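Please look over the sequence and the structure shown here before reading on.

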Amino acid sequence: MEVDFLELNDKIKALRARKGLTQKALSELTGISIRTIINYETYGKVPKNRKALEALAKALDVDVSYLAQDKKDCALSTDDRISEETKTSLLLYDATSFISNTNISDKRKEQFVLSINEAYWKFLSKQRKGK
């Protein structure tokens, strides 16, 4: 299972924003009331039935298992299966949230950025050796 730092409410918000949808538009696409969408995003409520989870996943273009990952009280809980583009978007969202967090020291943020940079160059080095 891949490491995932987003809670369900943040996943819904980020994916909805990425698609340029309002909460009302997501409500209309899914058939889920706007009040329920707000409860998911703002108050951390989770779908209790698979039909709602499937409707959200379809509207947000992700596998249903991604939304329910690590949520024991959701209708489904399995591995993450989303597109590379969505993974990249969510990773950038996580990184931006981490870096903009005022409770994290500048030194820790710098270590984070350096670690990402180091991982990238190691990956490129391995790729070049493999060719």
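In helix 4, the buried residues are Ala52, Leu53, Ala55, Leu56, Ala57, Ala59 and Leu60. This is a predicted model, and its protein chain has an average pLDDT of 79, with 81% of the residues scoring at least 70. The buried residues of helix 4, which itself spans residues 50-60, pack against helix 1 (8-18), helix 2, helix 3 (34-43) and helix 5 (64-68).

Contact with helix 2

- The axes of helix 2 and helix 4 come within 9 Å of each other and cross at roughly 120 degrees, and this crossing is right-handed.
- From helix 2, Leu26, Leu29 and Thr30 meet Ala55, Leu56, Ala59 and Leu60 of helix 4, and by class this contact has six nonpolar residues, one polar residue and no charged residues.

The two ends of helix 4

- At the start of helix 4, a side-chain oxygen of asparagine 49 reaches to within 3.2 Å of the backbone nitrogen of lysine 51.
- Just after helix 4, aspartate 61 takes a positive phi of about 60 degrees.

Confidence along the chain

- Confidence in the protein chain is highest in helix 2 (residues 23-30), at a mean of 96, and lowest in helix 6 (residues 84-100), at a mean of 75.
- Over residues 1-5 pLDDT stays under 50, and for this stretch the model has 10 contacts beyond four places in sequence.
- Over residues 72-81 pLDDT likewise stays under 50, and here the model has 31 contacts beyond four places in sequence.

Note on methods:
Residues numbered from 1 in each chain as written. Predicted model: local features only at pLDDT ≥ 70, side-chain atom pairs only at ≥ 80, totals over all residues. Heavy atoms only, no water. pLDDT = per-residue confidence, 0-100. Helix = DSSP H or I, 4+ residues; strand = E, 2+ residues; numbered from the N terminus. Contact = heavy atoms within 4.5 Å. Axes fitted to C-alpha atoms, helices over the stretch in contact; angles between N-to-C directions. Left-handed = near helix turned anticlockwise from the far one by under 90°. Nonpolar A, V, L, I, M, F, W, Y, C, P; charged D, E, K, R; others polar. Buried < 20%, exposed > 50% of the residue type's maximum accessible area, 1.4 Å probe, protein only. Polar contact = N/O pair within 3.5 Å; in protein donor to acceptor, adjacent residues only side chain to side chain.
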